[in-house]
Amino acid sequence: MRTSSLRTYKGPGRIVISRSARGVPAGFKIFKALAPGEWFNKVSYEEYRKLFFEQLEKLDPQKVWDDLHRLAGDSEPVLLCYEIPPFTKDNWCHRRMVAEWFKEKLGHDVEEM
């Protein structure tokens, strides 16, 4: 599994994890359980991390991992949202928080493409 931006990745295994799928082309799968809450654009980075990791704690990481692989079919899952690297304190993305969660909970490295 990897992560990337909706704006740049055009290959197989595309799975959108953003709040909105507005304008998402055909061929992209959607996995809403990893989309941030309604607070996503109303809180500081620190509060966002707190709230998002609280949201993730309600999920079974192994089930999410397995569901994402099933959704991708024969392809490697690539989790997508809108932000474009390089990531900094001012330009960050929740897909990398999902990657942290998989590393912490399952020991899987999820790299950014």
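1. Trp39, Tyr48 and Phe52 are linked into a cluster by ring pairs (rings of Phe, Tyr and Trp, the last by its six-membered ring, with centres within 6.5 Å; planes under 30 degrees apart are stacked, over 60 edge-to-face, the rest tilted). This is a predicted model: local features need pLDDT of at least 70, side-chain atom pairs count only at pLDDT 80 or more, and totals for chains, interfaces and linings use all residues. Residues are numbered from 1 along each chain as its sequence is written, and side-chain values use heavy atoms, leaving out hydrogens and water.

2. The count is 4 aromatic pairs. Trp39 and Tyr48 are edge-to-face, because their ring centres are 5.0 Å apart and their planes stand at 85°. Tyr48 and Phe52 form a tilted pair, with 6.2 Å between centres and 40° between planes.

3. Tyr48 and Phe52 both belong to helix 1 (residues 45-57), 4 residues apart, about one turn of the helix. Helices are DSSP runs (H or I, at least four residues), strands likewise (E, at least two), numbered from the N terminus. Tyr48 is buried at 4% relative accessibility and Phe52 at 0% (buried: under 20% relative accessible area; exposed: over 50%; partly exposed: in between; 1.4 Å probe, protein chains only).

4. In helix 2, the buried residues are Pro61, Val64, Trp65, Asp67, Leu68 and Ala72. They lie on the same side of helix 2, because they cover an arc of only 165° around the axis (taken from the directions from the helix axis to the C-beta atoms).

5. Just after helix 2, Gly73 has a positive phi of about 70°.
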